[in-house]
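Here are my notes on the model you sent. Please read them with the structure open.

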Amino acid sequence: MTQTSENVTWLTQEAYNKLKDELEYLTGPARTEIAAKIAAAREEGDLRENGGYHAAKEEQGKQELRVRQLTQLLENAKVGEALASADGAVAPGMVVTIAFDGDEDDTLTFLLASREYASGDIETYSPQSPLGAGVIGHKVGEDAEYELPNGKKASVTILKAEPHSG
């Protein structure tokens, strides 16, 4: 099965291992711990007015949501370096430099990747974010538009796009 670059999440080996360890913990020891909390709270009596029970059930729901997120993320993950797109267009896994409204004094350089791929070295924007989605597919020198939170459109010029080196 081939995947489009939009479905793929590029992860370093370190990030992949960290997420896999988190998933193993959440589906093993953490499930056992939350089940014990729920059982203990259930023994306290009336569940309608049992704050500990409701808190434990809410925690369980959040935990299971994270398990689903991690499972999906790891299923679509590619470990290693994202390859530059063959046509030179902006794609996930690239470091992109843009100029706002064509003003080369007002620039932003960021990694276009999921937050799991983020490092402290460079700001990271998700490919699903308004800015990320707006620049994907555009080449250096082209203008791209994206929608601001207030509904207005903003214009940026792609100054540079190169594969992230890790």
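**Notes on the core and the sheet**

1. F110 has 0% relative accessibility, so this residue counts as buried. Keep in mind that the model is predicted.

2. F110 also takes part in an aromatic pair. A search of the whole structure finds one such pair. Its partner is Y125: the ring centres are 4.9 Å apart and the planes stand at 65°, so the pair is edge-to-face. The pair links distant parts of the chain, with F110 in strand β4 and Y125 in strand β5 (residues 124-125), 15 residues apart.

3. Is Y125 buried, exposed or partly exposed? At 23% relative accessibility, Y125 counts as partly exposed, because the cut-off for buried is under 20%.

4. Next, the nonpolar core. The largest one has 16 residues, and F110 is among those with the most contacts inside it, along with V90, V96, I98, L131, V135 and V156. At least two residues of this core come from each of β3 (94-100), β4 (107-112), α4 (130-135), β6 (143-147) and β7 (153-163). The most comes from β7, which gives four residues. In soluble globular proteins, nonpolar side chains tend to be buried together.

5. Setting aside neighbours within four places in sequence, V135 is in contact with V90, I98, F110, L112, A144, V156 and I158. Another core, of 11 residues, lies apart from the largest one; L19, V67, L74 and A77 are among its residues.

6. Now the sheet. Five strands form an open sheet, in the order β5-β4-β3-β7-β6, with mixed pairing. Which strands stand at the edges? They are β5 and β6; each has a single partner strand, so one side of each is left without a neighbour in the sheet.

7. Look at β3 and β7 together. These strands run antiparallel and are joined by seven bridges. I98 stands opposite I158 in β7.

8. Last, T97. This residue lies in strand β3. Its relative accessibility is 13%, so T97 counts as buried. The side chains of T97 and T109 are joined by a polar contact of 2.9 Å. Beyond neighbours within four places in sequence, T97 is in contact with T107, L108, T109, T157, I158, L159 and K160.

Technical notes
Residues are numbered from 1 along each chain as its sequence is written. This is a predicted model: local features need pLDDT of at least 70, side-chain atom pairs count only at pLDDT 80 or more; totals for chains, interfaces and linings use all residues. Side-chain values use heavy atoms; hydrogens and water are left out. A nonpolar core is a set of buried Ala, Val, Leu, Ile, Met, Phe, Trp, Tyr and Cys residues joined through side-chain atoms within 4.5 Å. Buried means under 20% relative accessible area, exposed over 50%, partly exposed in between (1.4 Å probe, protein chains only). Contact means heavy atoms within 4.5 Å. Rings of Phe, Tyr and Trp (its six-membered ring) pair if their centres lie within 6.5 Å; planes under 30 degrees apart count as stacked, over 60 as edge-to-face and the rest as tilted. Two strands pair if DSSP finds at least two bridges between them. A polar contact is a pair of N or O atoms within 3.5 Å; within protein, one must be able to donate a hydrogen and the other to accept it, and residues adjacent in sequence count only if both atoms are side-chain atoms.
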